[in-house]
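Here is a friendly tour of one model, written for someone who likes geometric criteria spelled out. Please keep the viewer open as you read.

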Amino acid sequence: MSAPQASKSSGGFLNDLRILWHLVVARATGNTHEERLESFYKGQAGGYDSFRKRMLHGRKELFDLLPDSPGGIWVDLGCGTGENAEHWGERLKSLQRAYLVDLSSSLLKVAEQRVTDRGWTNVTPVHADATKFVPPEGAADIVTMSYSLTMIPDWFLAVDQAYRMLKPGGLIGIVDFFVARKYPAEGLVKHGWSTRSMWPLWFGSDNVFLNPDHLPYLLSRFETVSLSQRRGKLPYLPFVRAPHYLFVGRKPVDGV
Ligand SMILES: C[S@@+](CC[C@H](N)C(=O)[O-])C[C@H]1O[C@@H](n2cnc3c(N)ncnc32)[C@H](O)[C@@H]1O
């Protein structure tokens, strides 16, 4: 099948320059979180996928870790352009319904175009806040968030909302940037002072908030199915690697 229009990247150096302008020079403006997201993303939506492929690592791998869920409900919170739906591959068709949820209209428009181009009849893009969304069916089998937790100011509400909407035994899959606590718990990586100081400062200028508490909070709410903590390249920055984690967790079967 040929690539759908929505995911066809307007790639190349000029696209990179445009995206870099938004990442490095332009500042998001607006009085609300939604307005700030829109001002940040509206000039980047077309070339988003091509640039973020080289920056947001582990997304395909996260979906390879998740089991098939025939007849299941999948919710992607902070879906952006909806590229995660591609990562299910053929398994997407076996889901009863997929909800692609985002608060940025520009990115969601790309997701809507992707759904139309792909002819996905079981995928619904939704303009909504991840801290409040509940699927119409009332519960989900799988909730995912790729690089969205760090962009949600009330991130703990988003995690709580994911927990609430999951069926007992349901799975959460998260991939995102992070920094470790100064004194991490056993099993969690230790980051030196420069990593713990530099990356929050670097990403904070784009309203991406790396937080040492994200991973400990996820570990406290869900049973760990798998966790890896690693580093990945960033475009045009050959000598540095930003830390990210991949977490798959299960809501306890007796969880309410
Ligand atoms: C870095 S992007 C990641 C997008 C996509 N998941 C990906 O992997 O490419 C973060 C996304 O989170 C969305 N977002 C931020 N806060 C949100 C909120 N409160 N509710 C829904 N989406 C939100 C942004 O609009 C953006 O699309």
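## Ground rules

The model is predicted, and local features are given only where pLDDT is at least 70, side-chain atom pairs count only at pLDDT 80 or more, and totals for chains, interfaces and linings use all residues. Residue numbers start from 1 along each chain, following the sequence as written.

Helices (H or I, at least four residues) and strands (E, at least two) are DSSP runs, numbered from the N terminus. A residue is called buried if 20 or more other C-beta atoms lie within 10 Å of its own, exposed if 12 or fewer do, and partly exposed in between, with C-beta atoms placed from the backbone. Two residues are in contact if their C-beta atoms, placed in that way, lie within 7 Å.

## The buried face of helix 9

Let's start with helix 9, which spans residues 214-221. Its buried residues are His214, Leu215 and Leu218. Seen down the helix axis, these buried residues fall within an arc of 90°, so they line one face of helix 9; the arc is taken over the directions from the helix axis to the C-beta atoms. As background, an α-helix has 3.6 residues a turn, so residues three or four places apart point the same way.

What do the buried residues of helix 9 pack against? Their partners are helix 7 (155-165), strand 5 (166-177) and strand 7 (237-250).

## Helix 7 against helix 9

Two packed helices are described by the angle between their axes and the distance between the axes. Here the axes of helix 7 and helix 9 come within 11 Å and cross at roughly 25°. The axes are lines fitted to C-alpha atoms, for helices over the stretch in contact, and the angles run from 0 to 180 degrees between N-to-C directions. Helix 7 and helix 9 are therefore roughly parallel to each other, a label for angles under 35 degrees, while those over 145 count as roughly antiparallel, 65 to 115 as roughly perpendicular and the rest as oblique. The crossing of helix 7 past helix 9 is right-handed, with the near helix turned clockwise from the far one by less than a right angle.

On the helix 7 side, the contact involves Trp155, Phe156, Val159 and Tyr163. These meet His214, Tyr217, Leu218 and Arg221 of helix 9. By class, this contact has six nonpolar, one polar and one charged residues. In this scheme Ala, Val, Leu, Ile, Met, Phe, Trp, Tyr, Cys and Pro are nonpolar, Asp, Glu, Lys and Arg are charged, and the others, Gly among them, are polar.

Asp176 lies in strand 5 and is buried, with 26 other C-beta atoms within 10 Å. Leaving out residues up to four places away in sequence, Asp176 touches Tyr147, Leu149, Thr150, His214, His244 and Tyr245. Phe177 is also found in strand 5, and its 25 C-beta neighbours inside 10 Å make this residue buried. With the sequence neighbours up to four places away set aside, the contacts of Phe177 include Trp199, Phe203, Val208 and Leu210.

Leu210 sits in the loop between helix 8 and helix 9. Is Leu210 buried or exposed? Leu210 is buried, because 22 other C-beta atoms lie within 10 Å. Leu210 and Asp176 are 34 residues apart in sequence, yet 8.7 Å apart in space, C-alpha to C-alpha. Beyond four places in sequence, Leu210 is in contact with residues including Thr150, Phe177, Phe178 and Val179.

## Positive phi in two loops

Asn207 has a positive phi of about 60° although it is not a glycine. Asn207 belongs to the loop between helix 8 (193-204) and helix 9, and counts as partly exposed with 15 C-beta neighbours inside 10 Å.

Tyr236, another residue other than glycine, has a positive phi near 65°. Its place is the loop between strand 6 (223-234) and strand 7. Tyr236 is exposed, with 10 other C-beta atoms within 10 Å.
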